[in-house]
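Here are my notes for your next look at the model. Please read them with the structure open.

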Amino acid sequence: MSTTGFNSQNGSGRGQAYANGPSQNPVPLQPPGQGYNMPHQIPYNPMQAKAPMPPGPGLYNSGPYQPGPPASSYQGPPGPPMMTRPPMGSLGVHTPPQSSSPSPGPSPIPGPRMSPLQGAPTPPASANSYYPAPPQQQPAPPAWQYGAPRPMGAPPPMATPPLGPMGNHHTASSSPGPPPSAVGYGVAAPVPPPPAFHNATPPPGPGLPPTTVHGYVQRGSAPPPMNPSAPNTYQPGRGPYGPPLPGAPLPGQPPSMRPTPPPTGPPMANATPPPPPRPPEGLSQPQMLIVSDIDDIFLPTPDSLLVNFNECKELVQALLKSLPQMFSKTMETQSALGPALQSAFKLLSPTGGRVSVYQTQLPNVGVGALKSREDPNQRASAKDIQHLSPATDFYKKLALDCSGQQVAVDLFLLSSQYCDLASLGCISRYSAGSVYYYPSYHQEHNPAQVERFQKDLKRYLTRKIGFEAVMRIRCTKGLSIHTFHGNFFVRSTDLLSLPNVNPDAGFAVQMSIEENLVDLQTVSFQAALLYTSSKGERRIRVHTMCLPVVNSLSDIFAGADVQAITGLLASMAVDRSVTASLSDARDAMTNAAIDSLASYRSAVLTVQQPGLLAPACLRLFPLYILALLKQVAFRTGTSTRLDDRVFSMCQLKYQPLAYVMLMIHPALYRLDDLSDEGALNISERTIPQPRLLQLSVEKLTREGAFLLDAGSVLYLWVGRSCSPHFLSKVLGAASYAAVPQVMNSLPELDTAESQRTRAFIGWLKEQRPFFPLLHVIRDESPLKSSFMQNMIEDRTESALSYYEFLLHVQQQVSK
């Protein structure tokens, strides 16, 4: 392996490339020029076995997160256990201890498999976790029981609509509308009786006593035992957690025949019972129900607001078509998001499901009202950034209530003004929902954001989704889970509550070594996800990974995964920014690079050499740390809106690692000289593979055209002296001046150059689930500054260049 490294004495080493793959030989780090001349970026390999990092103090005291190999739905026959230690086939047998609590030890595994929800202790409070332990539960009121009389003054129980694939979705909108009140849109349609159950008796297995989350009684008993050899006993229409709620119609019985509740007040002479709402049969248009009291939300017709989409498709379409005109001339500018969410929660509590919120302004009426906390004059301040934490705990508490009732909330922010994403994002973060953010959104003035919203919404409504999911993470005795990262609620020390789970979500786990592993050859990790598909099938998905236990520190360094380490550090830095300060998080990330390389120098290298040395697999670690320091979430000295910063932090926490790395370190390609050399052939398409370039203006020329792939956005920068051949054959422009100022797509021209360029950009877009925007920019474009901010190897007014950062790291390592 021929390398030339960075040395502070002579600064040599530009333009050399490192060999790929882990090696125990030290590799000198170097300034810009290493490792870029490859056909494309090295893909993240989730199947490569990695060794855990040794524990250490501070921010980075655990090994890298590494997901196991993909697994399909568990359909095969049972087989022998995958491990020689306590088997991991059951989700509810062993709970790893927290680092602050004694180890309970493994439990025996005889008899039927336990439910993943049973026997989960409440985690102790930990200052190191961004998701605190749930509060101590207060004694709950007695749960409703069949045949049991209700307490005096209690409202009648709500009827439980049958669980269907399309019926558990509610849309809450807080756009300006009628006077400040919670508005519900009900589609008038017949309510079909629920299907008859084949078996109304809960399946055999251990039961789960009713529990409460913030006063709401959870439903039913535990899910059936997970026996791969047994037939699927889940029955569509009744939910995986037991029989229908009390008060729901019995199997085969129409909703109108449910038991009449006893009177709750003193009897009156000749009292006439109030009428049962009139069934919404034969109506030709949707009806609107207005609840004027936003302080005490109730549902006037709780059992007829959710409808079957297939039976009411025309009415739903009519409602969607009429919404834009219904409030087009309103003068109301207030927003009651909190009461609207409360009503949506009450609506979906009996069944669980998903709530879609489309918010266009700051909520300012009713519970959960917010005030602007952003000071535009402080956006570029080098001091600590304020207001990264929520202004109120209302949205977090409501999210926990939603999680307890298997309701997830997805948030779409479409606003040109400050919306306090730090507060509103809690409703999605703790209910396992997603956050979509469209800054400067405008239907007419920002068509690029409109197109992005349309593409995202289409995938959001059509992608696969799992309901009522839980995920348990287990590991070999001697290890314990320290912290989880992602969107969820931590129900116990190793159990995540996921009311909704989708293929675009990512999770990270930080582990701690609690005991000596000297007697073990390998350690194992297992993630088991139990969920209900949109077709009502109860499924389990299991990932298992084994890593070797080594006694040499050099072997640990040789097997390190630099991308996994960087992604985990990014999530940990987000937590540190919220709980401590942004400057503290920035210092911790820099110290992570310094301490790891100092440890390698002192404990692994036998001969001390001048310069900054690193193992081959960590040669890009300082570059990724510098990129994090210049990322929107953590940068200082650059004007950054508070919502933009918070949204970037959200993306670092819940996106899969491959997309997180594109956010941290974008990819730069030159497109005006594409050729078929080294191209890929995919589905009879030829995909060019241009080489990666350094993120430095030194690699940009006015004669070329360069594509920057930053994950959710693509920039195609056209130099002022770009060849007329490229302009005409790819952009369809006769000259540089003829390139439109706003251009978000490439024309489909019948030229080889156009086909190559569009094939490459289309292939990049296909590699990710979300829709990335494309901006064709010139030197005069306002977006050029955004393009240049991604040149992370260059020096800025408030940040070091890559060369200067390596000098700083070397000085600290050599102390």
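Predicted model: local features only at pLDDT ≥ 70, side-chain atom pairs only at ≥ 80, totals over all residues.

1. Start with Asp 794. Asp 794 lies in the loop between α15 (784-789) and α16 (802-813). Is Asp 794 buried or exposed? Its relative accessibility is 16%, and buried means under 20%, so Asp 794 counts as buried.

2. Now look at what surrounds that loop position. Leaving aside residues up to four places away in sequence, Asp 794 touches Lys 630, Leu 695, Ser 696, Val 697, Leu 800 and Ser 801. Leu 695 is 99 residues from Asp 794 along the chain, yet 7.8 Å separates their C-alpha atoms.

3. Next, the pair α8 (residues 562-579) and α10 (residues 621-629). Their axes come within 10 Å and cross at roughly 25°. Angles under 35 degrees count as roughly parallel, so that term applies to α8 and α10. The crossing of the two helices is right-handed.

4. Which residues make the contact between α8 and α10? From α8 come Val 562, Gln 563, Ile 565, Thr 566, Leu 569 and Ala 570. They meet Phe 621, Tyr 624, Ile 625 and Leu 628 of α10. By class, eight of the contact residues are nonpolar, two are polar and none is charged.

5. Last, α14 (residues 752-766). This helix has 15 residues. From first C-alpha to last, α14 reaches 21 Å, close to the 21 Å expected at 1.5 Å a residue.

6. The buried residues of α14 are Ser 754, Thr 757, Ala 759, Phe 760, Ile 761, Trp 763 and Leu 764. They pack against strands β18 (667-670), β19 (680-682), β20 (685-687), β21 (705-709) and β22 (713-718), and against helix α13 (724-731).

Note on methods: Residues numbered from 1 in each chain as written. Heavy atoms only, no water. Helix = DSSP H or I, 4+ residues; strand = E, 2+ residues; numbered from the N terminus. Buried < 20%, exposed > 50% of the residue type's maximum accessible area, 1.4 Å probe, protein only. Contact = heavy atoms within 4.5 Å. Axes fitted to C-alpha atoms, helices over the stretch in contact; angles between N-to-C directions. Parallel < 35°, antiparallel > 145°, perpendicular 65-115°, else oblique. Left-handed = near helix turned anticlockwise from the far one by under 90°. Nonpolar A, V, L, I, M, F, W, Y, C, P; charged D, E, K, R; others polar. Expected span 1.5 Å × (residues − 1).
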